Amino acid sequence: MTLIDRTHRAGGSPQASAPLLRVSDVRKSYATPQGPIPVLKGVDLTLAAGESLALLGESGSGKSTLLHLIGGLDDADSGEIMLDGVRVTGQPDAERAALRRERIGIVFQQFNLVPSLTVAGNIAFQARIAGRFDAAWQEELMERLGLAALRHRYPEQLSGGQQQRVSIGRALAIRPRLLIADEPTGNLDEATGDEVMGLALDLIARTGCGFLMVTHSTRLARRLDRQVTLASGVLAGA
Amino acid sequence: MAPDRAFWIFATLLSHWRRHPLNFATLVIGLAVATALWSGVQALNQQARTSYDRAAQVFGDAGAASIVSAKGTSVAQEHYVALRRAGWKVSPVIEGSVRIGGVSYRLVGVEPLTVPKGSAVAGLATGGDLEAFLKAPGQTLVATETLRELGAAGGSRPVTEGKQALPPLVVTEAVAPGILVMDIGAAQVILGKPQQLTRLIGGQGEMPDEASLVAIGGDALKLEQPEERGDLARLTDSFHLNLTAFGLLAFIVGLFIVHASIGLAFEQRLGTLRTMRAVGVPLRLLMLVLVGEVVLLALLAGAIGMVCGYVIAAALLPDVAASLSGLYGAHVGGHLALQGRWWASGLGMASAGALAASAVSLLKVYRLPILAVAKPLAWREAQHAQLRRQGVLAAMCLVIGAIAFLWGRGLVAGFVVIAGVLLGAALLLPLLLAVVLRLGERRASGALAQWFWADTRLQLSGLSLALMALLLALAANVGVGTMVEGFRKTFTGWLDERLNSELYFDAAGAQEGGEIAEWLGRDPRVTAVLPVWKAETRIGGWPVDVYGTRDHATYRDHFTLLSHTADAWDRVRDGEGALISEQLARRMDIGLGSPLALPTADGVWELPVVGLYPDYGNPKGQVRVNVDHLVRHWADARRTSYSVRVAPSDAGALMTAMQSHFDGKIARIVDQASLKQISTQIFERTFAVTGALNTLTLIVSGIALFASLLTLSDLRLAQLAPVWALGVTRRKLMDLEIGKLLVLAAITAVLAVPLGLVLAWCLVAIVNVQAFGWRLPFHVFPTQWGLIVALALATAFLASIVPVVRLGRTAPQDLLKVFANER
Ligand SMILES: Nc1ncnc2c1ncn2[C@@H]1O[C@H](COP(=O)(O)OP(=O)(O)OP(=O)(O)O)[C@@H](O)[C@H]1O
Ligand SMILES: [Mg+2]
């Protein structure tokens, strides 16, 4: 990231206006036969539009859990998550589905591509059901992600890094307000991971969305604007 | 926007099938086959009913009354003319029998211009052949079967034993087998009954009332209600009911395939469905689209199935395939409604069946968490849980069946018993198999043998549905086979006993009857002339025929009794006892020794019941008493029917002699052979149909087994690869795979035999009795069982071939890949 990029994006002064994402005092525990396990014990977090944030923490510390709550895939026990001034927590399924569909791009650790759709079909899928499919943007994404030549292939015919790029393409195709990624490069070697990361950051910069990424790599984390660490159920960090 | 969204979701779901054509094929085949068998049976039932109606319609419209002579003689032509003049649209019919080449045929003469719509020859009036039918030499309409039997070609003119040439033969499917239909003028000449008619028929609502009848014919004519005639449809109703139940069973067996392949498809798509939910597809919309997909597939496969059903029905009845077109609207009149109903019910069944078969999968999707974190149970635990659930369900089904058996009443209870037993047994099957396999595992020595048993058990969950389908199909085979064979045996045996006189005739009147009987008595060839006189009465509002017969060895030695007192025949002879039909006994809830109160013309005649006899298919009650006592109580009894005992070789000559000697004094005469022939011909058809359907059901369950194996074969590779890697040859693995399926199929087949017998017993002893008031004896046919077991093994062998060959063909590097993909 260049300095110019950063200042350009910070131009909106996130602190001044309402932040893109605000997580306040979010708690979550999982019910198990041995009793409830508290995982998040009051998490507070804000993220401005155009800002990128790395979420670090030990395995089992609750990073994925927090990401799922922010992405509207699961609901918190208490606390509140606001995205773009819209409540994410405590919403019925249809509302949360609409939020996910229209405002959030999710990049899963396991890619979660639809095996029966081609590369192009996978990238277009979310945009199509969100009703904002844009052929030119789709074309540009495939071009930038180096997938143009692979457009007719099926996921099983792709390497891990290629699948990763497809899932990033799918998340960006809707021009999300917020992009969240759970260890997106966890399955890739360092060089490929770096390459995919660079591409992603570039595209994110173009769409101006917020970016929240879980990673174990401090090296990758340093490429983002801010870093926070989840430990004992609360956030600490820069 | 939402429709747009639904479209893309739908398109994405469908894209799965493009990548899994085999899965798609088994699903469509399963549904199509289920629908085909169901709709085929429906079409056959309809077809059979049409042919029964056809047979009935030749003698007069089955649903309408007809006018006959009150004295049992013929109807004078002048009465017909008078009725027509009075404006009644009646049409004349003459019936009689003729012998050609030693075989009796029923000859029916009709008047095509006045014949009511919907009767056999009515089609003539609309077709262009009316002129040919009427103008000399005219036409004789016959069924294909009759033509074959006559050994004649269309257009030829067979000569009767009375030296009369028939009008040229023309084949039409509108006429029932064994019947010759021609213009009434020609028939009167051939039968030697000029100016005589047997009955007058008319369409519904076109018959004169009693008053106008008396006004025109005095006491010479009377109205005969349709139920007074022997009704073939009533006898076959039971059979069609069973056929329907059988079609339903085939349908359910087909649904097992659907269930298995839909389950597999949903399982394979769980990841996709999760992803869809994660990227914002609302649950409600997803469910809606999934249901829509199932219904769409059902309609597609259902339509294919309907076409196959038509083909099956047509193939099963090749000789009437042409007239089947009537089912599909090719005929005139009310058939169009039938066409719509047939399609709608078939497609409706397909959709309902597909939804039922996918209910579990749909529910699973509805409950599917977006985030998959729950650790899957180890397969053993999962299998145990599943088996426990199935065991509980099976117990519930069996208990419901038992409750219906013990306390249930009526036909529905009978079917509940059958459904409970069949479903319970099917659900129990995997449990039993698991127990057997565990025993095998315990006994096994050697690593490979142990692996074999354990691995077979591992596969059980995947195969159990197919095996359940196989069990049901095999049990249905045993059950229906037992019933059909039993029915055939009982029916033909009963006919033999019941019809053991060589000739039967109806005289034109009581006087003529006596005359003929006397004449016959002088003939040295005749050993006995036995009156079969009849009176009609009602018991408890139910019409009952009372027959009077003479005490004779014909009855004593041959008449089948279900139960009787020691001196039954003596008591009947002395007028101190009556034999009653099974139907009457069940309906009145009376038995041996019960007093029977017969309302007669002059008061009530009370006498004890001394015997019960079977009277298969008769919708009316029947009582048999001594003929002398019958006429004492009913002065107006019909004294025109007789049976004649004569050496069988002389029967034909005697019949011709009687016809030439008495001419018009004989209203009808028929020999034993052709009477039996007419009665059994129609059943033979249905037996053939049932046999073919039985085979088809077995084929379906074979497909089910095949489909399950095929869909499992990818999974199998992962399970077999380690064993192969450890040094077991592929050849050996293939043998083991086939062996395993044969073991499973053999156990299933052995269990299917007792289940099938239970099914047959339920059909024979519950359903039939509840529906029709008579019970078939329960016969068993052990040779059938051997055949069933052999068939099961053959089916299993065939089903295992393709996946095994696939295994044999798998290149080593592909087997290795399995390891690479292992998570
Ligand atoms: N569905 C669940 N039921 C019970 N416990 C759960 C469930 N999901 C997660 N947990 C527990 O919650 C804790 C946090 O899980 P989470 O997946 O958020 O950790 P994480 O920080 O993402 O770990 P990693 O870095 O290994 O991915 C863990 O201790 C985990 O065992
Ligand atoms: Mg995690």
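Trainee: Which helix of chain B has the lowest confidence, and which strand the highest?

Mentor: In chain B, helix H11 (residues 321-324) is lowest, with a mean pLDDT of 30, and strand E16 (residues 578-581) is highest, at 92. Here pLDDT is the predictor's confidence in each residue, from 0 to 100. Helices (H or I, at least four residues) and strands (E, at least two) are DSSP runs, numbered from the N terminus. This is a predicted model, in which local features need pLDDT of at least 70 and side-chain atom pairs count only at pLDDT 80 or more, while totals for chains, interfaces and linings use all residues. Residues are numbered from 1 along each chain as its sequence is written, chains are lettered from A and ligands numbered from 1 in the order written, and side-chain values use heavy atoms, leaving out hydrogens and water.

Trainee: What is the mean pLDDT of chain B as a whole?

Mentor: The mean is 78, and 81% of the residues in chain B reach 70 or more. Residues 318-338 of chain B stay under 50, though the model gives this stretch 34 contacts (heavy atoms within 4.5 Å) beyond four places in sequence. For the complex, the predictor gives an ipTM of 0.82 and a pTM of 0.64.

Trainee: Why is the site of ligand 1 called shared?

Mentor: Residues from chains A and B surround ligand 1, so the site is shared between chains. A residue is near the ligand if one of its heavy atoms lies within 4 Å, and 14 residues surround ligand 1, with Ser59(A), Gly60(A), Lys63(A), Ser64(A) and Thr65(A) among the closest. Helix H2(A) gives the largest share of this shell, three residues.

Trainee: How do you know that Ser59(A) makes a polar contact with ligand 1?

Mentor: A polar contact with the ligand is a pair of N or O atoms within 3.5 Å. A polar side-chain atom of Ser59(A) is 2.5 Å from an oxygen atom of ligand 1, so the pair qualifies. Lys63(A), at 2.7 Å from a ligand oxygen, passes too, and so does Thr65(A), at 2.5 Å.

Trainee: What makes Trp533(B) and Tyr642(B) an edge-to-face pair?

Mentor: The structure holds eleven aromatic pairs over all chains. Rings of Phe, Tyr and Trp (its six-membered ring) pair if their centres lie within 6.5 Å; planes under 30 degrees apart count as stacked, over 60 as edge-to-face and the rest as tilted. Trp533(B) and Tyr642(B) have centres 6.1 Å apart and planes at 90 degrees, so the pair is edge-to-face. This pair links distant parts of the chain, strands E13 and E20 of chain B, with the two residues 109 apart.

Terms used: Polar contact = N/O pair within 3.5 Å; in protein donor to acceptor, adjacent residues only side chain to side chain.
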